Every structure is written in C-alpha cells, then in structure tokens.
Amino acid sequence: MFFSGFSYQHHHQPGSGSPPGDAAADPYDDGDHNLTVLLTFSIFLSFILLYLVAGIVWASAVTACAVALSICYLKVQRRRRAVLRREAALRAAAGGGPGGVAAVAVSAAIPAFAYKREGAGGGGGDATGWAQCVICLGLVQVGEVVRRLPACKHLFHVECIDMWLRSHSTCPICRAAVEPADGQPEPPV
Ligand SMILES: [Zn+2]
Ligand SMILES: [Zn+2]
C-alpha cells in the first residue's frame, strides 16, 4: 500500500518538480534496482556455472573418449600382436616359418644315433673324441642320442638340435644350411 501509493504518485507526476515523497520513493526504486541487479547477476552467475559445468562435462567426455579410444587402440594392438604371435607359433609348429617345413623334415631326415667316443667327434670336439653341444653348452656323454648334421658334421643332442631346427634351417655353429642326409637340396623356404 505504502509503496504502491508512492509509485502511483511517482509514475503519474513525473515532471512535477520534486514532491516531498520522492526522497521516500527512492528506497523503493533502489530495491527494484537491487532486485534487477540481483536477478541479472544470478542469471549471469547461472550462465557461468552452466558454461563451467558444460565445459567440465565436455572436457570429461572428451577425456573419457580419448582414454577409451586409447584403451581400445592398445587392446587392438595387443590382440593383433597376440594374433601375429599365435600365427607365427602355428607357422613354426606347422613348419611354415623360417626354416619351417624344410627344417622339420630335415631334422627327421638326419639320422640320430647313440654317441660314442671317437676321433674327430664333432661340434667343438677334438681328436681325443669329446664333443660339446653348443645349444645346451653341455658335453655330449657317451651313449646320449645325438644327430650329426650331414653338411658340416657338427654334432648336437637330438632334443637340442630338433628344438633348434624348429625355428632355424642352419647349423647353430657354422650357419651352414642344414640339408637332408641323402644330399637332396634344401627345399625353398
Ligand atoms: Zn644339447
Ligand atoms: Zn655346422
């Protein structure tokens, strides 16, 4: 009532000098002004907050996406590596790898025999007849089953050279191509 009376007076006599009520009307105007400022400020603040929140959400989303993407990428890479490893292992097992089929066939073609001390023993051996298997670095004991590579006459434990020939097609000592005992040329790798 009080304010509306002054408001009425204020709005309907805008240019009529300065009525004594004007000084009392000022608090009303100030309140209105304060309210407007407060409203503007809160709208402004809420916009800032909104932008901040939106920014944080957006940044979080982008970060999450980046992290997810990199994790996916790493997983794919790991899977691809695992697949490649498995394929390599399968190839090696099937004999398709470097020295693969040929080497397995070759190692089967090289006769195995029980080692007995004799002159010019073989890999690392000398005229006194001892021999060392360079794959396991152990001395070849009399009676152990060995294979002698036909090309270079190097001597190894049968299990050592068979393991070696699963992934190689050359002699571990002299790198000579391992060929079948019957002198067949090594099939193309
Ligand atoms: Zn050995
Ligand atoms: Zn050799």
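This is a predicted model: local features need pLDDT of at least 70, side-chain atom pairs count only at pLDDT 80 or more; totals for chains, interfaces and linings use all residues.
Colleague: Why is Ala177 called partly exposed?

Modeller: Ala177 has 16 C-beta neighbours inside 10 Å. A buried residue needs 20 or more and an exposed one has 12 or fewer, so Ala177 counts as partly exposed. Ala177 lies in the segment after α4, and its C-alpha atom is separated by 9.9 Å from that of Pro150, 27 residues apart along the chain.

Colleague: What puts the buried residues of α4 on the same side of α4?

Modeller: The buried residues of α4 are Ile161, Trp164 and Leu165. They cover an arc of only 95 degrees around the axis, and therefore lie on the same side of α4.

Colleague: Which element supplies the largest share of the largest nonpolar core?

Modeller: That core has 15 residues, and Val140, Val146, Leu155, Phe156, Leu165 and Val178 have the most contacts inside it. Both β5 (155-157) and α4 (158-165) supply at least two residues, and the largest share, 3 residues, comes from α4.

Colleague: How do you know that β4 and β5 pair?

Modeller: Pairing requires at least two bridges between two strands. Strand β4 (residues 145-148) and β5 have 3 bridges, in the antiparallel sense, so they pair by this criterion. Val146 has His157 in β5 as its bridge partner.

Colleague: What makes β1 and β5 edge strands?

Modeller: The open sheet of 3 strands has the order β1-β4-β5, with antiparallel pairing. β1 (112-114) and β5 each have a single partner strand, so one side of each is without a neighbour in the sheet. The twist averages 40 degrees from one strand to the next. Helix α4 packs on this sheet, touching β1, β4 and β5, and its direction makes about 95 degrees with that of β5.

Technical notes: Residues are numbered from 1 along each chain as its sequence is written. Chains are lettered from A and ligands numbered from 1 in the order in which they are written. A nonpolar core is a set of buried Ala, Val, Leu, Ile, Met, Phe, Trp, Tyr and Cys residues joined through C-beta atoms within 7 Å. Helices (H or I, at least four residues) and strands (E, at least two) are DSSP runs, numbered from the N terminus. The arc is that of the directions from the helix axis to the C-beta atoms. Axes are lines fitted to C-alpha atoms, for helices over the stretch in contact, and angles run from 0 to 180 degrees between N-to-C directions. Two residues are in contact if their C-beta atoms, placed from the backbone, lie within 7 Å.
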